[in-house]
Amino acid sequence: MAHVLVVLDTDFDGARFGAACGAHGGRRLHYIALAPRPVDASHLPQEWRVQWPPCVPGQHRMVSRDGLVTLDVLIGQPDACLAQLAARVDEVHLAWVPAAMPVLARLMVDGARLQAVHLDEAQRAELQKNGFVFDESRLRAVFYARRGEHAAFTAPERRAIVIGAGVAGAAACERLAARGWKVTLVERHAQPASEASGNLAGIFMPLMSKDDNIATRLVRAAYLYSLGRWKDLGGIGAAIEGVQSGVLHLARDGAHAQVQRQIAASGLYPREFARWLEAPEATAMLGAPAPDGAWWFEQGGWARPSSICAAMLDACGALLTRRFSSSALRLERGDEEWLVRDAEGGLIAAAPTVILAAGTGAVDFAQAAHLPLDAVRGQVTHLAEGSLPSLPFVVCREAYMTPAHQGIVCVGASYDADADAEVRASSQHENIHKIAAILDVPAFDAPLAGRTGFRCMAPDRLPLAGALPDPGVPGRCERLRDVPRWPGLFGLLGYASRGLIWAPLAAELLACQLEGEPLPLESQLAAALDPARFLLRERRRAY
């Protein structure tokens, strides 16, 4: 695959972006633009206009229909966005001058070109001090890296094995195949989405917090990225079974509601992303008392995870080889390759790259046995349509309820600390009581029906996405980059109860890491997902 031309525009301009798209001549273009103020997307071509994100902070990724152009827009304070950018830049259009020039120099490849709008002598001197050499125009420069400052990226051989065919594994296959990788998918069941991804419905919505913390920012990025990917795969309600029905998320109590009002008053979120409803409007929507108000997420809804898996795997085409009903139990490192073997030692597949996406099953492999992953039991109750008041959207508080689909309403899901895989009456009783309280109806008995799955969860409830650490290599570690890693071994794990939205973004993050492409997340957020974060904490305490 040809090198991707990476362009940085420090203040998004539609005309500049259009010119870059017109000039790339079939070469892959990755255009990164800071957006320090709201952008009027109505003047952009339709393929970008329909993908344009709501004006919420963070990094937002869009891709052209032919896949040749990627556009990343970073919404927020520009110096902060620049400091969090994880990319290697070939060209930069400098519409404003950053406060810290080394931040800009850190992003440049050797020989990168700079075009500035305006520079005073002090700014030019500071850029020169950081490696930029100007021509006679005094506004154009070439960056020359100090020797050894930027290691060259070596493209990998594009062959991988993905272990696990739930949403995590299917998304990994799709994102790698989109880049031309040949992928072998190994799954112990006969069908994909047979474990935690086998529920009839999963809900999707953002997370809100007063301090806009790392978890909130990650969930927001994953949610918005997933909405875009699902459109590209054919859309919810078409290729994907589900409905973008909206989600009504009720406040827990008065104190919780007061915090939500403060979030709403911050003006951070446009109405199409999140709208706070006071008690009268929330009550009217719910058809039951909602005295503490609610958030309305109009782009949220529910989808059947197995249909998302199917759409992602189908998108891989001939690049995907399926090895189902194959129990991968052992990983061996051979001559520059990983060998995946079954219980009898038979070879299932071999490739330079392996991605563990098997949930808590990943810890059955010796190389991942140290990862702090727990299985948390979740039972979903299936009720006959008409058992509860009918709502056309998802409602949630201590429990959630989906709209009826094919005569079934899904209510759940329990959080249990045991390994009982059977559907049991006590968990169903708990689910029904919680949703009955939300809907202000009496609790009732119903025929025992539902499904039990086990969420794979890390101690901080964030996913693990990236190269897996090798705890067998001793040594002091101060930063994530110091942590020893298994060569060619990666994980997409720990998706807990948000697997639907974690899967596409985490897979994109991993694909970009493998390809040396600009990351789809701010560097702080990517670090928060690094599987080595737990070993790093151990090593810091030990030395």
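A residue is called buried here when its relative accessible area is under 20%. By that criterion, helix H14 (residues 533-542), in this predicted model, has Arg533, Phe534, Leu535, Leu536 and Arg539 as buried residues.

**Helix H6 and its two partners**

Two packed helices are described by the angle between their axes and the distance between the axes. Helix H6 (residues 167-177) and helix H12 (residues 499-515) have axes that come within 8 Å and cross at roughly 40°, which makes H6 oblique to H12. The crossing of these two helices, H6 and H12, is right-handed. On the H6 side the contact is made by Val167, Ala168, Ala171, Ala172, Arg175 and Leu176, while H12 contributes Gly499, Leu500, Ala503, Pro504, Ala507, Glu508, Ala511 and Leu514. Sorted by class, the residues in the contact of H6 with H12 are eleven nonpolar, one polar and two charged.

Helix H6 also packs with helix H10 (residues 305-315), at an angle of about 20° and with the axes 8 Å apart; H6 is therefore roughly parallel to H10. Here H6 passes H10 in a left-handed crossing. The residues that make this contact are Val167, Ala170, Ala171, Cys173 and Glu174 of H6, together with Pro305, Cys309, Met312, Leu313 and Ala315 of H10. The contact of H6 with H10 has nine nonpolar residues, no polar residues and one charged residue.

Alanine 170 lies in helix H6 and is buried, with a relative accessible area of 0%. Apart from its neighbours within four places in sequence, alanine 170 is in contact with Gly164, Cys309, Met312 and Leu313. The C-alpha atom of alanine 170 is separated by 22 Å from that of glycine 300, which is 130 residues apart from it along the chain.

**Nonpolar cores**

The largest nonpolar core has 84 residues, and within it Trp230 and Leu492 are the residues with the most contacts. Helix H12 gives the most to this core, with twelve residues. When its neighbours within four places in sequence are left aside, tryptophan 230 is in contact with Phe204, Gly235, Ile236, Ile240, Ile308, Leu500, Ile501 and Pro504.

**Buried residues in a loop and in a strand**

Alanine 41 sits in the loop between strand S2 (29-35) and helix H2 (46-49). With its neighbours within four places in sequence set aside, alanine 41 is in contact with Arg49 and Trp52; the C-alpha atoms of alanine 41 and tryptophan 52 are separated by 6.9 Å, although the two are eleven residues apart along the chain. Histidine 382 belongs to strand S22 (residues 374-384). Leaving out neighbours within four places in sequence, the contacts of histidine 382 are with Leu200, Ile408, Val409, Cys410, Ala449, Gly450 and Arg451.

| Residue | Relative accessible area | State |
|---|---|---|
| Alanine 41 | 10% | buried |
| Histidine 382 | 17% | buried |
| Alanine 170 | 0% | buried |

Histidine 382 counts as buried because its relative accessible area is 17% and the cut-off is under 20%.

Technical notes:
Residues numbered from 1 in each chain as written. Predicted model: local features only at pLDDT ≥ 70, side-chain atom pairs only at ≥ 80, totals over all residues. Heavy atoms only, no water. Axes fitted to C-alpha atoms, helices over the stretch in contact; angles between N-to-C directions. Helix = DSSP H or I, 4+ residues; strand = E, 2+ residues; numbered from the N terminus. Parallel < 35°, antiparallel > 145°, perpendicular 65-115°, else oblique. Left-handed = near helix turned anticlockwise from the far one by under 90°. Contact = heavy atoms within 4.5 Å. Nonpolar A, V, L, I, M, F, W, Y, C, P; charged D, E, K, R; others polar. Core = buried A, V, L, I, M, F, W, Y, C linked by side-chain atoms within 4.5 Å. Buried < 20%, exposed > 50% of the residue type's maximum accessible area, 1.4 Å probe, protein only.
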